[in-house]
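Subject: A structure for you to look at

Hi there,

Here is the structure I promised to pass on to you. Please open it next to this email and follow along as you read.

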Amino acid sequence: MTFERERALICELGRRMWQRGWVAANDGNLSVRLPEGKVLVTPAGVSKGFLRPEMLLVVDLEGRVLEGVEGFRPSSETPLHLMCYRVREAVGGVCHAHPPTATAFACARLPLDRPILSEIAMTLGTVPVAPYGQSGTEELPRAAAPLIAEHDGVLLANHGAVTVGADLEQAYYRMETVEHTALIHWRAAALGGGVPLTEEQLAALRPKKE
Ligand SMILES: [Zn+2]
(Lines give C-alpha, C1' and ligand atoms only; values in the text may rest on other atoms or scores of the structure.)
Protein backbone atom coordinates (compact mmCIF):
# COMPACT_ATOMS: atom_id res chain seq x y z
CA MET A 1 0.00 0.00 0.00
CA THR A 2 1.24 3.52 -0.85
CA PHE A 3 1.58 6.44 1.58
CA GLU A 4 1.25 4.28 4.70
CA ARG A 5 2.27 7.04 7.13
CA GLU A 6 -0.33 9.49 5.73
CA ARG A 7 -3.04 6.79 5.75
CA ALA A 8 -2.30 5.96 9.40
CA LEU A 9 -2.46 9.65 10.37
CA ILE A 10 -5.86 10.13 8.68
CA CYS A 11 -7.26 7.02 10.46
CA GLU A 12 -5.94 8.28 13.83
CA LEU A 13 -7.32 11.82 13.42
CA GLY A 14 -10.65 10.45 12.10
CA ARG A 15 -10.93 8.43 15.31
CA ARG A 16 -10.26 11.54 17.40
CA MET A 17 -12.93 13.54 15.48
CA TRP A 18 -15.48 10.79 16.11
CA GLN A 19 -14.53 10.42 19.79
CA ARG A 20 -14.92 14.17 20.27
CA GLY A 21 -18.43 14.07 18.80
CA TRP A 22 -17.60 16.32 15.86
CA VAL A 23 -19.17 13.96 13.33
CA ALA A 24 -22.44 12.02 13.34
CA ALA A 25 -22.85 8.85 11.26
CA ASN A 26 -20.61 9.19 8.18
CA ASP A 27 -20.11 12.97 8.40
CA GLY A 28 -16.81 14.80 8.07
CA ASN A 29 -13.75 14.20 5.94
CA LEU A 30 -9.98 14.54 6.06
CA SER A 31 -7.29 14.85 3.41
CA VAL A 32 -3.53 15.18 2.97
CA ARG A 33 -1.68 16.74 0.06
CA LEU A 34 0.71 14.23 -1.53
CA PRO A 35 3.57 14.94 -3.94
CA GLU A 36 2.94 15.45 -7.69
CA GLY A 37 -0.53 17.00 -7.47
CA LYS A 38 -2.12 14.07 -5.64
CA VAL A 39 -4.37 14.10 -2.58
CA LEU A 40 -5.21 11.32 -0.12
CA VAL A 41 -8.86 11.61 0.96
CA THR A 42 -11.35 9.73 3.17
CA PRO A 43 -14.08 7.63 1.53
CA ALA A 44 -17.82 8.40 1.39
CA GLY A 45 -20.17 6.38 3.56
CA VAL A 46 -17.78 5.35 6.35
CA SER A 47 -17.72 6.58 9.98
CA LYS A 48 -14.53 8.52 10.63
CA GLY A 49 -14.16 6.54 13.86
CA PHE A 50 -13.69 3.27 11.96
CA LEU A 51 -11.50 4.07 8.97
CA ARG A 52 -8.96 1.52 7.78
CA PRO A 53 -5.88 2.58 5.77
CA GLU A 54 -6.92 0.68 2.63
CA MET A 55 -10.31 2.49 2.48
CA LEU A 56 -8.61 5.84 1.66
CA LEU A 57 -8.36 7.06 -1.94
CA VAL A 58 -5.68 8.87 -3.90
CA VAL A 59 -7.20 11.48 -6.25
CA ASP A 60 -5.75 14.20 -8.46
CA LEU A 61 -6.55 17.91 -8.06
CA GLU A 62 -9.53 17.47 -10.41
CA GLY A 63 -10.96 14.72 -8.19
CA ARG A 64 -10.20 11.79 -10.52
CA VAL A 65 -9.50 8.57 -8.59
CA LEU A 66 -5.91 7.37 -9.10
CA GLU A 67 -5.83 4.67 -6.41
CA GLY A 68 -8.51 2.98 -4.35
CA VAL A 69 -9.95 -0.41 -3.54
CA GLU A 70 -13.23 -1.81 -4.85
CA GLY A 71 -16.33 -0.54 -3.05
CA PHE A 72 -14.98 2.85 -1.91
CA ARG A 73 -15.41 6.23 -3.58
CA PRO A 74 -14.03 9.61 -2.46
CA SER A 75 -15.98 11.71 0.05
CA SER A 76 -18.75 13.79 -1.53
CA GLU A 77 -16.98 16.83 0.00
CA THR A 78 -13.75 16.14 -1.95
CA PRO A 79 -14.29 19.33 -4.07
CA LEU A 80 -14.13 21.40 -0.83
CA HIS A 81 -10.74 19.87 -0.01
CA LEU A 82 -9.39 20.28 -3.53
CA MET A 83 -10.42 23.94 -3.52
CA CYS A 84 -8.30 24.52 -0.36
CA TYR A 85 -5.22 22.98 -2.04
CA ARG A 86 -5.79 24.99 -5.22
CA VAL A 87 -6.35 28.31 -3.43
CA ARG A 88 -3.44 27.95 -0.98
CA GLU A 89 -0.23 26.34 -2.23
CA ALA A 90 1.17 26.02 1.32
CA VAL A 91 -1.82 23.99 2.58
CA GLY A 92 -0.80 20.38 3.27
CA GLY A 93 -3.90 19.10 5.10
CA VAL A 94 -7.65 19.84 5.32
CA CYS A 95 -10.16 18.92 8.04
CA HIS A 96 -13.94 19.21 7.63
CA ALA A 97 -16.31 18.39 10.49
CA HIS A 98 -19.56 19.40 12.19
CA PRO A 99 -18.44 20.16 15.77
CA PRO A 100 -21.69 21.02 17.60
CA THR A 101 -20.90 24.45 19.03
CA ALA A 102 -19.05 25.77 15.98
CA THR A 103 -21.85 24.36 13.80
CA ALA A 104 -24.45 26.17 15.94
CA PHE A 105 -22.59 29.43 15.14
CA ALA A 106 -22.55 28.40 11.45
CA CYS A 107 -26.32 27.77 11.58
CA ALA A 108 -26.91 31.15 13.23
CA ARG A 109 -24.45 32.59 10.66
CA LEU A 110 -22.47 34.24 13.45
CA PRO A 111 -18.71 34.59 12.87
CA LEU A 112 -16.25 34.03 15.71
CA ASP A 113 -14.88 37.53 15.45
CA ARG A 114 -15.30 39.19 18.84
CA PRO A 115 -11.81 39.65 20.26
CA ILE A 116 -12.52 38.28 23.73
CA LEU A 117 -10.12 35.33 23.82
CA SER A 118 -6.38 36.01 23.77
CA GLU A 119 -5.45 32.49 22.59
CA ILE A 120 -7.34 32.74 19.29
CA ALA A 121 -5.95 36.22 18.59
CA MET A 122 -2.47 34.65 18.79
CA THR A 123 -3.30 31.71 16.53
CA LEU A 124 -6.34 31.60 14.22
CA GLY A 125 -7.45 35.22 14.21
CA THR A 126 -11.11 35.55 13.26
CA VAL A 127 -13.28 32.72 11.92
CA PRO A 128 -15.76 34.06 9.32
CA VAL A 129 -18.92 32.40 7.98
CA ALA A 130 -18.96 31.49 4.28
CA PRO A 131 -22.26 32.06 2.41
CA TYR A 132 -24.50 29.01 2.10
CA GLY A 133 -23.49 26.42 -0.47
CA GLN A 134 -25.15 23.04 -0.87
CA SER A 135 -23.13 20.08 0.55
CA GLY A 136 -21.59 17.76 -1.97
CA THR A 137 -21.84 20.28 -4.84
CA GLU A 138 -19.39 22.75 -6.39
CA GLU A 139 -21.46 25.52 -4.79
CA LEU A 140 -19.89 24.81 -1.37
CA PRO A 141 -16.21 25.26 -2.37
CA ARG A 142 -17.14 28.26 -4.53
CA ALA A 143 -18.80 29.96 -1.54
CA ALA A 144 -15.87 29.25 0.82
CA ALA A 145 -12.90 29.90 -1.52
CA PRO A 146 -12.54 33.69 -1.01
CA LEU A 147 -12.48 33.19 2.77
CA ILE A 148 -10.12 30.19 2.75
CA ALA A 149 -7.67 32.38 0.82
CA GLU A 150 -7.38 34.59 3.94
CA HIS A 151 -8.33 32.40 6.92
CA ASP A 152 -7.17 29.07 8.39
CA GLY A 153 -10.64 28.27 9.74
CA VAL A 154 -14.01 29.03 8.13
CA LEU A 155 -17.58 28.26 9.25
CA LEU A 156 -19.85 26.95 6.48
CA ALA A 157 -23.35 28.45 6.74
CA ASN A 158 -25.98 25.96 8.01
CA HIS A 159 -23.44 23.14 7.80
CA GLY A 160 -20.16 22.96 9.77
CA ALA A 161 -16.54 24.09 9.60
CA VAL A 162 -13.39 23.62 7.54
CA THR A 163 -9.80 24.17 8.69
CA VAL A 164 -6.50 24.05 6.80
CA GLY A 165 -2.87 23.67 7.91
CA ALA A 166 0.67 23.22 6.69
CA ASP A 167 -0.03 19.55 7.47
CA LEU A 168 -3.11 17.58 8.51
CA GLU A 169 -2.19 17.61 12.20
CA GLN A 170 -2.17 21.41 12.19
CA ALA A 171 -5.53 21.51 10.35
CA TYR A 172 -6.95 19.10 12.96
CA TYR A 173 -5.66 21.20 15.88
CA ARG A 174 -7.15 24.29 14.27
CA MET A 175 -10.54 22.53 14.27
CA GLU A 176 -10.06 21.89 18.01
CA THR A 177 -9.36 25.63 18.43
CA VAL A 178 -12.42 26.63 16.34
CA GLU A 179 -14.73 24.40 18.43
CA HIS A 180 -13.17 25.50 21.73
CA THR A 181 -13.48 29.17 20.72
CA ALA A 182 -17.13 28.69 19.76
CA LEU A 183 -17.82 27.11 23.15
CA ILE A 184 -16.16 30.04 24.98
CA HIS A 185 -18.04 32.61 22.84
CA TRP A 186 -21.33 30.87 23.61
CA ARG A 187 -20.68 30.73 27.36
CA ALA A 188 -19.35 34.31 27.42
CA ALA A 189 -22.57 35.38 25.62
CA ALA A 190 -24.53 33.89 28.53
CA LEU A 191 -22.46 36.10 30.86
CA GLY A 192 -23.16 39.28 28.91
CA GLY A 193 -20.77 38.84 25.98
CA GLY A 194 -17.31 39.15 27.53
CA VAL A 195 -15.00 42.17 27.55
CA PRO A 196 -13.20 42.66 24.21
CA LEU A 197 -9.43 43.17 24.16
CA THR A 198 -8.30 46.65 23.09
CA GLU A 199 -6.60 47.29 19.73
CA GLU A 200 -3.29 47.73 21.56
CA GLN A 201 -3.69 44.46 23.47
CA LEU A 202 -4.58 42.65 20.22
CA ALA A 203 -1.61 44.11 18.32
CA ALA A 204 0.74 42.76 21.00
CA LEU A 205 -0.80 39.26 20.67
CA ARG A 206 -0.87 38.93 16.87
CA PRO A 207 1.82 36.73 15.34
CA LYS A 208 4.65 38.92 14.01
CA LYS A 209 4.98 38.82 10.21
CA GLU A 210 8.47 37.65 9.12
ZN1 LIG B 1 -20.12 18.41 6.10
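Below is what was found in it, one part at a time. Please keep in mind that this is a predicted model.

**The zinc site**

Which residues hold the zinc ion? The zinc ion is coordinated by three histidines, His96, His98 and His159, each through its NE2 atom, at 2.0 to 2.1 Å. Along the chain, these donors follow the spacing H-x1-H-x60-H. Histidine 96 belongs to strand 5 (residues 93-97), while histidine 159 sits in the loop between strand 7 (153-156) and strand 8 (160-165), so this pair ties together parts that are 63 residues apart in sequence.

Are these two residues buried or exposed? Residues under 20% relative accessible area count as buried. Histidine 96 has a value of 1%, so it is buried, and histidine 159, at 10%, counts as buried too.

**Two helices side by side**

Next, find helix 1 (residues 4-19) and helix 6 (residues 168-190). Their axes come within 11 Å and cross at roughly 5°. Angles under 35 degrees count as roughly parallel, and the two helices are therefore roughly parallel to each other. Helix 1 makes the contact with Leu9, Ile10, Leu13, Arg16 and Met17, and helix 6 with Leu168, Glu169, Tyr172 and Tyr173. Sorted by class, this contact has seven nonpolar residues, two charged ones and no polar ones.

Strand 1 (residues 29-34) and strand 2 (residues 38-41) run antiparallel and are joined by four bridges. Across this pair, valine 32 stands opposite leucine 40. Strand 2 is also joined by four bridges to strand 3 (residues 57-60), again in an antiparallel arrangement.

Strands 1 and 2 form a hairpin, with three residues between them.

Glutamate 36 is exposed, with a relative accessible area of 71%.

Alanine 25 also has a positive phi, near 50°, and is likewise a residue other than glycine. You will find alanine 25 in the loop between helix 1 and strand 1. At 61% relative accessibility, alanine 25 counts as exposed.

Enjoy exploring it, and send me any questions!

Best wishes

Key: Residues are numbered from 1 along each chain as its sequence is written. This is a predicted model: local features need pLDDT of at least 70, side-chain atom pairs count only at pLDDT 80 or more; totals for chains, interfaces and linings use all residues. Side-chain values use heavy atoms; hydrogens and water are left out. Axes are lines fitted to C-alpha atoms, for helices over the stretch in contact, and angles run from 0 to 180 degrees between N-to-C directions. Angles under 35 degrees count as roughly parallel, over 145 as roughly antiparallel, 65 to 115 as roughly perpendicular and the rest as oblique. Contact means heavy atoms within 4.5 Å. Ala, Val, Leu, Ile, Met, Phe, Trp, Tyr, Cys and Pro count as nonpolar, Asp, Glu, Lys and Arg as charged, and the others, Gly among them, as polar. Donors are N, O and S atoms within 2.8 Å of the metal (3.2 Å for Na, K and Ca); water is not among the atoms, so sites may look incomplete. Buried means under 20% relative accessible area, exposed over 50%, partly exposed in between (1.4 Å probe, protein chains only). Two strands pair if DSSP finds at least two bridges between them.
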